[in-house]
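The sequence and structure come before them.

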Amino acid sequence: MIKKYMLYLPVLTFGALQAQEFVIREMPSLMNVQYSSVAFADVNGDGNADLLLSGADGGYALRSNLYLNDGQGNFSVSNNPDLMVIREGATAFADIDGDGDQDLLITGITEVVTPAGNYGTRVKLYRNNGAGLFSEIANPGLEAVSQSAVLFRDIDNDGDVDLIMAGQGAGVAVTNLYLNDGNGNFTVANANIPAKMNLMYSSIAMADIDNDGDPDLLLTGMDGADSQIKMALYKNNGLGVFTKVNNPGIEPIFTGGAVFEDVDNDGDVDLMMMGADPLYAKVGKLYLNDGSGNFTLKANTPFIGAQYGDVKFADVNNDGLKDVLITGYRNPNTRADLYINNGNAEFTMATDMPFIGMNNSALAFADVDNDNDMDLVITGQNSPLGTLTKLYINQTNMLSVANPKTQAVNIYPNPAQHTINIQIPDGTMVGKIEIYDSLGKLVVQQQSGQSISVEKLSTGVYTAVIYTDKGMLRQKIAKY
């Protein structure tokens, strides 16, 4: 049964509503993985969000596949057969050499000898040729980590991306800071973090917490020296040298995530922390920033804590406020909970969402179908469904191209039984009309015209996409 998440009016005007609805798009080409990493990037310069999945599949074989996006959210495996397979690791895209394309880092537990042989922790850095084909950089000088987090960021304001990695290394936990020379060559610079902690099951977050123009640093995880759960907040002096903030009032977590985001639109970044705390309780906590990098825990939030999961912010309903999704394990359930930002840092859990709860999970948002709203991939393990990768298409009822001339476009009747008509302003031309079912499958297509038959469609809810010379319009329709 398909759930309906919106109210449909007899005559609808594009851009009038700002609700959100997600539907699962079945994508058999995407492999199912847990202990996973998910990353989006436009790897071939065609303007579409491509997708990298890494992790252990249902048979616990290690996998890494790069998928190219056709621009409508349909993914096919790329011609990159030699990417390192991993689990319990991390992947990240960044332009490490300043040539305008996205290069790739992969680190984690991998197959050392044969697919049936031993496992070890490895790291590989790949250079993109600009067309989405990656070649390994020999001896990149990076220490491999698993149970890990990695983050590219320009920490010293020299115009290139530097790198922080934390996790389980060769028998010990490590946290390493690497400076980039601008050509993708990295040098260890751990002296830049004098009070550095070596962490595994870690999270790394960077943002300008004090509005001085440089990225500051948060580290949290399990300290390899004493197995205690710890966190540290560091301020950047602008040159990539960090000073630890004493008593920041932020509770440490591990096996979770930490994300900076301006949730209340006051011009400074706030902080979301989810995972297991030092007492191993599952928590989800929001800390508000006073603008100078001082954080206060917000009371009475609705967040359900989890661990072995992920947390990401995205404006899913195009209202200018950042919403948040949390996945992971909370005994006895697996979770995938979306919280809508109502303004002033007040959140409400979204109901009737189709998200499947995932343990050992990862997630990422991107506009995969170029309709100007944020879609979503979640990977992980669900009992009893098994290892899964799910693509969720966002059906937010918004214009893809903001243009006053498209505001008066109407579809009628709605609901419809036989035909829908398209009323357009003078001077607007329709190039193509498409209708998609609730799973994102194209079911009707027509070149031009101002009406289209829906008579052969089954009763249900569909999405009409109208391509005009003023932009692409997207609207829900109902067939009865």
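Two strands count as paired if DSSP finds at least two bridges between them. The model discussed here is predicted.

Q: Which residue in β6 does Leu68 stand opposite?
A: Strand β5 covers residues 62-69 and runs antiparallel to β6, with 3 bridges joining the two. The residue in β6 opposite Leu68 is Ser76.

Q: Which residues lie closest to the centre of the largest pocket?
A: The largest pocket holds about 1,500 Å³ of space. Its lining comprises 46 residues. The closest to the centre are Ser37, Ala149, Val150, Asp310 and Lys312.

Q: How many residues of the lining of the largest pocket are nonpolar?
A: Strands that each supply at least two residues of this lining include β3, β7 (87-94), β11 (146-153) and β27 (359-366). The lining has 14 polar and 6 charged residues. The nonpolar residues number 26.

Q: What is the mean pLDDT of the chain?
A: In the chain, 91% of residues reach a pLDDT of 70 or more. Over residues 1-18 the pLDDT is below 50, and this stretch has 49 contacts in the model beyond near neighbours in sequence. Residues 397-406 also have pLDDT below 50, with 30 such contacts. The mean for the chain is 90.

Key
Residues are numbered from 1 along each chain as its sequence is written. This is a predicted model: local features need pLDDT of at least 70, side-chain atom pairs count only at pLDDT 80 or more; totals for chains, interfaces and linings use all residues. Side-chain values use heavy atoms; hydrogens and water are left out. Helices (H or I, at least four residues) and strands (E, at least two) are DSSP runs, numbered from the N terminus. pLDDT is the predictor's confidence in each residue, from 0 to 100. Contact means heavy atoms within 4.5 Å. On a 1 Å grid over the protein atoms alone, a cavity is a set of points where a 1.4 Å probe fits but cannot get out, and a pocket is an open set with protein on both sides within 12 Å along at least five of seven lines; lining residues have an atom within 4 Å of a point. Grid points are joined across faces, edges and corners, and a volume is the space filled by probe spheres set on the points. Ala, Val, Leu, Ile, Met, Phe, Trp, Tyr, Cys and Pro count as nonpolar, Asp, Glu, Lys and Arg as charged, and the others, Gly among them, as polar.
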